[in-house]
Structures are given as C-alpha cells and as structure tokens.
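Open the model in your viewer and keep the selection panel at hand. We will go from the whole chain to the sheet, then to a few residues and the metal site.

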Amino acid sequence: MIESGMRVTAHCARCNHSRTLDLEALRERCGADAPAMAADLAPKMRCSNCEQRSVGFSYTLDPTKHSGMGVSNPYAMAKDGR
Ligand SMILES: [Zn+2]
C-alpha cells in the first residue's frame with residue numbers, strides 16, 4: 001500500500017487539524033506489512049494539536065509517488081504537492 005503511493009491524511013474531528021501521515025516512518029517502525037487501515041491506525045493516533053483521539057482518516061493516491069517510482073526524496077513529502 002505504501003509502495004502504491006497511497007497517502008493517508010488524519011483529520012481531527014475536534015480542532016479541525018489535519019495532517020498527512022508519514023507512512024514511510026510507519027513502515028520503518030512497524031514493518032512493510034503493518035496494517036494501515038483506519039481501524040488499525042485510529043487507536044494509535046492522536047491529534048498532534050489537541051491531543052484528542054477523535055481522528056478520522058482519508059485515503060488518497062499521491063501522484064508524485066507514481067512519477068518517481070523507486071526514488072526516495074524526503075523533500076517531496078515535505079512539499080506535499082504544493
Ligand atoms: Zn485536534
């Protein structure tokens with residue numbers, strides 16, 4: 001899923017804070033086969049802004065990942081397609 005260029009955005013229901021999850025870091029920590037579905041992530045996630053656990057997730061395809069297959073560029077993540 002990470003390799004396919006999926007991007008997971010966590011969105012806090014309380015303070016409206018949203019954040020793109022670092023799936024690469026998640027993979028480093030949990031392994032490539034780590035489950036990354038909302039049901040698995042939700043108990044682990046907390047809003048970095050208000051510390052609440054009412055975090056929703058949305059899944060999007062990251063187009064930048066498809067054009068740069070196999071290229072690891074941390075700055076591409078930071079720019080976030082903007
Ligand atoms: Zn929040």
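**Whole chain**

Colour the protein chain by secondary structure. The protein chain has four helices and three strands. Helices (H or I, at least four residues) and strands (E, at least two) are DSSP runs, numbered from the N terminus. Along the sequence they follow the pattern β-β-α-α-β-α-α.

This is a predicted model: local features need pLDDT of at least 70, side-chain atom pairs count only at pLDDT 80 or more, and totals for chains, interfaces and linings use all residues. Numbering starts from 1 along each chain as its sequence is written, and side-chain values use heavy atoms, with hydrogens and water left out.

The protein chain exposes about 5,800 Å², and carbon and sulfur atoms supply 52% of it. Accessible areas come from the Shrake-Rupley method with a 1.4 Å probe; for residues, only the protein chains shown count as cover. Of the 82 residues, 21% count as buried. Buried means under 20% relative accessible area, exposed over 50%, partly exposed in between (1.4 Å probe, protein chains only).

Contact means heavy atoms within 4.5 Å. Among contacts with a separation of 6 or more, residues 24 or more positions apart account for 58%.

**The sheet**

Select the three strands. They form an open sheet in the order E2-E1-E3, with antiparallel pairing. E2 and E3 stand at the edges with a single partner strand each, so one side of each has no neighbour in the sheet. The twist averages 25° from one strand to the next; axes are lines fitted to C-alpha atoms, for helices over the stretch in contact, and angles run from 0 to 180 degrees between N-to-C directions.

Now show E1 with E3. Seven bridges join these antiparallel strands. Two strands pair if DSSP finds at least two bridges between them. Pick Val8: its bridge partner in E3 is Tyr59.

Select Thr9, in strand E1 (residues 6-12). Thr9 is buried, with a relative accessible area of 18%. Beyond four places in sequence, Thr9 touches Ser18, Arg19, Thr20, Gly56, Phe57 and Ser58.

Next, Ala10, also placed in strand E1. Ala10 counts as buried, at 7% relative accessibility. Its contacts beyond four places include His17, Leu21 and Val55. Draw a line from Ala10 to Ala42: their C-alpha atoms are separated by 9.1 Å, 32 residues apart along the chain.

Phe57 counts as buried at 18% relative accessibility. Set aside neighbours within four places, and Phe57 is in contact with Val8, Thr9, Ala10, Leu21, Ala38, Leu41, Ala42 and Met45. From Phe57 to Arg19 is 9.6 Å, C-alpha to C-alpha, across 38 residues in sequence.

**The zinc site**

Which residues are the protein donors of the zinc ion? Select Cys12, Cys15, Cys47 and Cys50: their SG atoms lie 2.2 to 2.4 Å from the zinc ion. Donors are N, O and S atoms within 2.8 Å of the metal (3.2 Å for Na, K and Ca); water is not among the atoms, so sites may look incomplete.

The four donor atoms subtend angles of 101 to 113°, which makes the arrangement tetrahedral. Four donors count as tetrahedral if all angles lie between 85 and 135 degrees. In sequence the spacing is C-x2-C-x31-C-x2-C. Cys15 lies in the loop between E1 and strand E2 (18-20), and Cys47 in the loop between helix H2 (38-41) and strand E3 (55-61), so the pair ties together parts 32 residues apart in sequence.

End on that pair. Cys15 counts as partly exposed at 29% relative accessibility, whereas Cys47 counts as buried at 5%.

Methods
Tetrahedral: all angles 85-135°; square planar, octahedral: opposite > 155°, others 65-115°.
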